[in-house]
Amino acid sequence: MEQQIQLNDHNKQEYPPMHTCEHIVNRTMMNLFGCGRSVSAHIERKKSKLDYALETAPTEEDVKRLEEAVNDVIAQGLDVTTEFITQKEAQGRFDLKRLPEDASETVRIVKVGDYDECLCLGTHVKNTSEVGTFKVISHDWNEEAKRWRMRFKLVAL
C-alpha cells in the first residue's frame, strides 16, 4: 500500500521558468559571492527581483559573471526533480528557519540536476532548457543595510 504524502498548502502560483531560474541564481550567488540564498524574493512572469545580504556591492563585472554563470547552468539542460523527506532528515542538510511553524513533517526538495537543491513547494519546469536566457535588467546597493537588489527577466528561447 502506497503511503500518502502530506504537505502544507502552497499559497501562490509561480511562473515555472522564472521560479526555476530563481533557484539557479541563488546557488550561483552562493558559489560566486559566498552569501546565503536571497533574503527576499518577488518572482513574477515579466520580471523578478531578489535581495542578497553581501559585504560589498557587486561590480558591473560581477554582474556579467553572474549572468554568464547562470546562463551556462541553464544551457546544460539539467533535469528538475523533486524528493520528499522528513524534517528530521532535512536537519543539517537544509536551512529550516524559513519553514512555517505549522509545516508538515514531510518536506519537498527541488533539485536542479546536481547543481542545486532546496526546500520548495513551488512549481518548476522539467528541464532547465525550458527557462530561456537570464538577463539582469537593473541592480542597486543599499550600503546601510548591506543589501544588493537585483531585478531580472527571462528572454524567451
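Asp 51 is found in strand 2. Strands (E, at least two residues) and helices (H or I, at least four) are DSSP runs, numbered from the N terminus. The structure is a predicted model, in which local features need pLDDT of at least 70, side-chain atom pairs count only at pLDDT 80 or more, and totals for chains, interfaces and linings use all residues. Residues are numbered from 1 along each chain as its sequence is written, and side-chain values use heavy atoms, with hydrogens and water left out.

Asp 51 is buried, with a relative accessible area of 3%. Buried means under 20% relative accessible area, exposed over 50%, and partly exposed in between (1.4 Å probe, protein chains only). The side chain of Asp 51 makes a polar contact of 2.7 Å with that of Arg 149. A second polar contact, of 2.9 Å, links the side chains of Asp 51 and Ser 40. A polar contact is a pair of N or O atoms within 3.5 Å; within protein, one must be able to donate a hydrogen and the other to accept it, and residues adjacent in sequence count only if both atoms are side-chain atoms. Leaving out residues up to four places away in sequence, Asp 51 touches Ser 38, Val 39, Ser 40, Arg 147, Trp 148 and Arg 149. Contact here means heavy atoms within 4.5 Å.

Leu 50 also has its place in strand 2. Leu 50 is buried, with a relative accessible area of 0%. Beyond its neighbours within four places in sequence, Leu 50 is in contact with several residues, among them Glu 22, Val 25, Ile 43, Trp 148, Met 150 and Phe 152. Val 39 lies 11 residues from Leu 50 along the chain, and their C-alpha atoms are separated by 7.6 Å.

The pairings can be taken in sheet order. Two strands pair if DSSP finds at least two bridges between them. Strand 1 and strand 2 are joined in the antiparallel sense by three bridges. Ser 40 has Asp 51 in strand 2 as its bridge partner. Strand 2 (residues 48–53) pairs with strand 7 over six bridges, again in the antiparallel sense. Here Ala 53 has Arg 147 in strand 7 as its bridge partner. Strand 6 (residues 133–142) and strand 7 are antiparallel and share nine bridges. Phe 134 stands opposite Leu 154 in strand 7. Strand 6 and strand 7 form a hairpin with four residues between them. In the turn, Lys 146 has a positive phi of about 55°.

In a regular strand the side chains alternate between the two faces of the sheet. Strand 7 (residues 147–155) has a covered face made of Trp 148, Met 150, Phe 152 and Leu 154. Its uncovered face carries Arg 147, Arg 149, Arg 151, Lys 153 and Val 155.

Arg 108 is found in strand 4 (residues 106–112). Arg 108 is buried, with a relative accessible area of 16%. The side chain of Arg 108 reaches the backbone oxygen of Gly 122 at 2.9 Å.

Overall, the protein has three helices and seven strands. Its elements run α-β-β-α-β-α-β-β-β-β from the N terminus on. Of the 157 residues, 37% count as buried. Among contacts with a separation of 6 or more, 64% come from residues 24 or more positions apart. The C-alpha atoms fill a box of roughly 55 × 40 × 25 Å, taken along the principal axes.
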